[in-house]
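Hi,

Here is the model I promised to pass on.

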Amino acid sequence: MVMQRLLPWSTGRTIFGSAEAALWGLKSIKRSCLNFCTAICKAVTYMELKNLLKSKKIMLIDVREPWEIHEYGKIPGSVNIPLDDVGEALQMNPKDFKEKYKEIKPSKSDSLVFSCLAGVRSKKAVVTAISLGFNSAQHYAGGWKEWATYELSEKKQGN
Ligand SMILES: O=S(=O)([O-])[S-]
């Protein structure tokens, strides 16, 4: 009798307890992912990117959508691979990559820098690239937004 009275309460508590545990688990996973991204996503500055581009030692991959590039412009020398295609592109065979992107496919030891508008998508691209073994992948957190601002002010100063 006592057990019967307790059962609904205890079942409810169990369900509630499980939901609470699941929620805590999800929050903890989210926190870990954010920490993971922050820890592994190395970022380059505007000046570092400029120097890297000059040295031709990197492949700069712009992960914005093609329409954004047509509409707003792009960092000279960048290759457009939209974020959703990054994983597939980095797993393509070199011949298909060359055919599709008109560039030599980077090797896992090559330096990759991802950029987007303001650093959100490029950070995700770094996580994808690193998960595929491109361990020196970095991103330009300032993105097109910062690049365009700096370039404009450099032009105004006549540099
Ligand atoms: O390009 S963005 O994802 O930073 S807005």
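In which helix is Ser 55 found? Ser 55 sits in helix H2, residues 46-55; helices here are DSSP runs of H or I with at least four residues, strands are runs of E with at least two, and both are numbered from the N terminus.

Before the rest, a word on the source: this is a predicted model, with local features needing pLDDT of at least 70, side-chain atom pairs counting only at pLDDT 80 or more, and totals for chains, interfaces and linings using all residues. Residues are numbered from 1 along each chain as its sequence is written, and side-chain values use heavy atoms, leaving out hydrogens and water.

Back to Ser 55: its relative accessibility is 35%, so Ser 55 counts as partly exposed (buried is under 20% relative accessible area, exposed over 50%, partly exposed in between, with a 1.4 Å probe and protein chains only). From Thr 45 it is 10 residues away in sequence and 15 Å away in space, C-alpha to C-alpha.

The unreviewed UniProt entry annotates residues 54-156 as "domain: Rhodanese"; such annotations may be inferred rather than shown by experiment. That stretch is 50% helix and 15% strand, with its end C-alpha atoms 21 Å apart.

Helices H4 (residues 83-90) and H6 (residues 120-131) pack at about 20°, their axes 10 Å apart; axes are lines fitted to C-alpha atoms over the stretch in contact, and angles run from 0 to 180 degrees between N-to-C directions. H4 and H6 are therefore roughly parallel (angles under 35 degrees).

Best wishes

Conventions: Parallel < 35°, antiparallel > 145°, perpendicular 65-115°, else oblique.
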